[in-house]
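Please read it alongside the sequence and the model.

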Amino acid sequence: MSILKVARLGHPVLRTRARPLEENQIKSQAIQKLVDDMIETMHEYQGIGLAAPQIYEGFRIFVAGIESESEDGELSTTVFINPEVVSLDSSKNEDWEGCLSIPDMCGRVLRPANVRIRSLDRQGESFEKELRGHSARVVQHELDHLDGILFLDRMISFESLSFLEEFERFWRSEAN
Ligand code: ZN
């Protein structure tokens, strides 16, 4: 496995719509290795999610730490290929987001609170999950990457946009 270089804000790959994978492509050695490398890269940089365009690959793949159903707070690393997200109701919430492609910054983003995600796993099998709270936010952030959208685009106001150091100093006590 290898740790991959992460594209940063300004690189056009982050603004390019990624393409879906064919079923036979998913099982290829190249894609299986890519998925392993994405997981390793996400863990190395302590991200909660990583989408293929962030490592210069224009495929509709992302990996993310998703809260497990037992609600013990454990995150389980999950692979999503050709995912689709629909919101389950009209409720929204605003919370802090950061991004490995926009290092050292974070800001508040309003998103649907409850979503259903339908996706293929790394074997090409389809699965569905209903997600709330933080995990719902993470999959929407990662799905946006597959469409060339960054969390900055979703901010209603840049007033909360902060460097992490200033976030810790001035905003942390308000967050959660
Ligand atoms: Zn991101």
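The lining of the second largest pocket comprises two nonpolar, five polar and seven charged residues. The model is predicted. In it, a zinc ion is coordinated by Cys99, His141 and His145, and helix H3 gives the most residues to the lining of the largest pocket.

**Second largest pocket**

- The second largest pocket holds about 280 Å³ of space.
- Its lining has 14 residues, and those nearest the centre are Glu67, Ser68, Glu69, Glu130 and Leu131.
- At least two lining residues come from each of strand S2 (61-67), strand S3 (75-87) and strand S7 (126-132).
- S7 provides the largest share of this lining, with four residues.

**Largest pocket**

- The volume of the largest pocket is about 660 Å³.
- Among the 29 residues lining the largest pocket, Ile48, Trp96, Glu97, Gly98 and Cys99 are the closest to its centre.
- Two or more lining residues are given by each of strand S4 (92-99), strand S5 (102-112), H3 and helix H5 (164-171).
- H3 contributes six residues to the lining of the largest pocket, the most of any element.
- By residue class, the lining of the largest pocket divides into 13 nonpolar, nine polar and seven charged residues.

**Zinc site**

- The zinc ion is coordinated by SG of Cys99 and by NE2 of both His141 and His145, at 2.1 to 2.2 Å.
- The donor residues follow the sequence spacing C-x41-H-x3-H.
- Because Cys99 belongs to strand S4 and His145 to helix H3, this pair ties together parts that are 46 residues apart in sequence.
- Cys99 has a relative accessibility of 10% and therefore counts as buried.
- His145 is also buried, and its relative accessible area is 1%.

**Helix H3**

- Helix H3 spans residues 133-146, a run of 14 residues.
- From first C-alpha to last, H3 reaches 21 Å, close to the 20 Å expected at 1.5 Å a residue.
- In an α-helix there are 3.6 residues a turn, so residues three or four places apart point the same way.
- H3 is mostly covered, with twelve of its 14 residues buried.
- After H3 comes Gly148, which has a positive phi, near 75°.

Note on methods: Residues are numbered from 1 along each chain as its sequence is written. This is a predicted model: local features need pLDDT of at least 70, side-chain atom pairs count only at pLDDT 80 or more; totals for chains, interfaces and linings use all residues. Side-chain values use heavy atoms; hydrogens and water are left out. The expected span of a helix is 1.5 Å times one less than its number of residues. Buried means under 20% relative accessible area, exposed over 50%, partly exposed in between (1.4 Å probe, protein chains only). On a 1 Å grid over the protein atoms alone, a cavity is a set of points where a 1.4 Å probe fits but cannot get out, and a pocket is an open set with protein on both sides within 12 Å along at least five of seven lines; lining residues have an atom within 4 Å of a point. Grid points are joined across faces, edges and corners, and a volume is the space filled by probe spheres set on the points. Ala, Val, Leu, Ile, Met, Phe, Trp, Tyr, Cys and Pro count as nonpolar, Asp, Glu, Lys and Arg as charged, and the others, Gly among them, as polar. Donors are N, O and S atoms within 2.8 Å of the metal (3.2 Å for Na, K and Ca); water is not among the atoms, so sites may look incomplete.
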